[in-house]
Amino acid sequence: MKKLEKILMPMAEVIGRNKYLIAIRDGFLVSTPLLIIGSLFLLIANFPIPGWNDWVAQFLGEGWAAKLTTPVAATFDIMTILAVMGIAYSLARQLDIDAIQASATAIVAFFIVTPYKIDFAPKGEDVSYIVKGIPLDWVGSKGLFLGMIVALVSVTIFAKILKKGWVIKLPAGVPPTVARSFEALIPAGIVIIIFFLVNYIFAATAYETIHNFVFKMLQVPLLKLGNTLPAMIIAYLFLHGFWFFGINGSSVVGAVFNPVLKALSVENLDAFQAGQDIPNIITGQFQDMFATFGGAGSTLSLLIAILLVCKSQRVTKIGKLSFLPGVFGINEPIIFGLPIMLNPIMLAPFVLIPTINIIISYFAMLSGLVPYTNGVQIPWTTPPVISGFLVSGWQGSVLQILLIILGIVIYIPFIKAIDNQYLKEEHGALNAEEDDDDINFDDLEL
């Protein structure tokens, strides 16, 4: 434990205090509710029940499903713009500068390096033409990594220029909003000039745009690395190691790993929407719906094990109090109440069970027994069985049930050992109270 603490605690401190990683983590929260709403429309249009579309068509008419894709496109097709805005806003607040001006400048910088060109093929013609327009590929998932880079770099430049005092200062009587807009004039102008030069330089290379360069040199390799079983296992070993020491491992590891998973999820969603073969096993939905149940450590299995075999007042009460939150993926009560944190008895199952879940789920999908996740964004609080059905059909629900049962079996001997320990303590305390209540005449003073 001491060795683990020496490795993990400094790492968590560095990551947890890194303003850029915090900005990425918090910035994606801007788009998360919107993507979930868009996914709900997509889910309704492609509900995983045979005959669903024909049944609904009786009431809404033919082509009803296609009409529901508008909210999907309005969220997923511009997800990079939302990410740029959210990341820039979050970083600007941490750097204590005008967050609105900084995020607006970041969006402009992103569009400066985005090519206004679209391949267009008219109906009935084999020839395509280059027309002006905003390419949805680059403002969607393909431009995500460049969007993150642009947001971080542009806000950093903006902040440094502001703090150097290179601003236009207006008299004291000018309204604050007007004064702030003029203060942003020079920093925003310098940011725009820098990104214009970057765009001009890349236009002279074989890549033509920085989008092509980042996508080929950074995003594609990262997605290939992230879409592997070893990468997922390593990420989850660190995640649960942090949780064991009371650090929110999901936030620490997620700041690095979640952007990769989000991009992989969008690839699956695009293929699902187009009726094509889904490409990726490892996605955000794979992580949320099959790696853990009830939160880190797959503690829903632990809570069920507590209700089945435990007898001590301390364990059963905390199990009952934690069960309902655990069904919805909230497990801080059991982590800090049992506790699991810094409890060496619980370390092995807490780390082992999610790892087993990942391995079994991966090979179940690889073998074709369970469909790949469809990329539909559903809330991480969606209970098991329902979540498995929505992202991977009835096979996903069955897999979730089997993994939860396996987790119960693994947790039982460990929680029983703690339960027996607490039972002894409770019996000892009860006997001590009874001894205190006995009258001892030798202690009386007359």
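**Figure 1. Helix α2 passes helix α6 in a right-handed crossing.** A crossing is called right-handed if the near helix is turned clockwise from the far one by less than a right angle, and left-handed if it is turned anticlockwise. The model shown here and in the other views is predicted: local features need pLDDT of at least 70, side-chain atom pairs count only at pLDDT 80 or more, and totals for chains, interfaces and linings use all residues. Residues are numbered from 1 along each chain as its sequence is written, and side-chain values use heavy atoms, with hydrogens and water left out. Helices (H or I, at least four residues) and strands (E, at least two) are DSSP runs, numbered from the N terminus. Two packed helices are described by the angle between their axes and the distance between the axes. For α2 (residues 19–45) and α6 (residues 79–94), the angle is about 135 degrees and the axes lie 7 Å apart. Here axes are lines fitted to C-alpha atoms, for helices over the stretch in contact, and angles run from 0 to 180 degrees between N-to-C directions. The angle makes α2 oblique to α6; angles under 35 degrees count as roughly parallel, over 145 as roughly antiparallel, 65 to 115 as roughly perpendicular and the rest as oblique. Residues in contact (heavy atoms within 4.5 Å) include Y20, A23, G27 and L34 of α2 and M79, A83, G86 and L91 of α6.

Figure 2. T156 is buried, with a relative accessible area of 15%. Buried means under 20% relative accessible area, exposed over 50%, and partly exposed in between (1.4 Å probe, protein chains only). Y20 and L91 also belong to the contact between α2 and α6.

**Figure 3. Helices α13 and α19 pack at an angle of about 155 degrees.** Helix α13 covers residues 229–244 and helix α19 residues 344–366, and their axes are 10 Å apart. The angle makes α13 roughly antiparallel to α19. The crossing of α13 past α19 is right-handed. Among the residues that make the contact are I233, Y236, H240 and W243 of α13 and F350, P354, I358 and Y362 of α19.

**Figure 4. F202, Y207 and F213 form one aromatic cluster.** Rings of Phe, Tyr and Trp (its six-membered ring) pair if their centres lie within 6.5 Å; planes under 30 degrees apart count as stacked, over 60 as edge-to-face and the rest as tilted. Seven such pairs, written 7 in the search of the whole structure, are found. In the pair formed by F110 and F111, the centres are 5.8 Å apart and the planes stand at 75 degrees, an edge-to-face arrangement. F110 and F111 are both buried. The pair of F202 and F213 is tilted, because the planes lie at 50 degrees, with the ring centres 5.3 Å apart. This pair links distant parts of the chain: F202 is in helix α11 (residues 185–203) and F213 in helix α12 (residues 210–226), 11 residues apart. F202 is buried, with a relative accessible area of 18%, whereas F213 is partly exposed at 30%.

**Figure 5. Charged side chains sit over the rings of F215 and Y422.** A charge sits over a ring if NZ of Lys or CZ of Arg is within 6 Å of the ring centre and within 35 degrees of the ring normal. The charged end of K142 is 4.9 Å from the centre of the F215 ring. R314 lies over the face of Y422, 4.1 Å from the ring centre.

**Figure 6. D96, S298 and P339 lie in loops.** D96 is in the loop between α6 and α7 (99–112). Although D96 is not a glycine, its phi is positive, near 60 degrees. D96 is exposed, with a relative accessible area of 69%. S298 occupies the loop between α15 (284–291) and α16 (299–309). S298 also has a positive phi, about 50 degrees, without being a glycine; this residue is buried, at 0% relative accessible area. P339 is found in the loop between α18 (332–337) and α19. The peptide bond from L338 to P339 is cis, with omega near -10 degrees.
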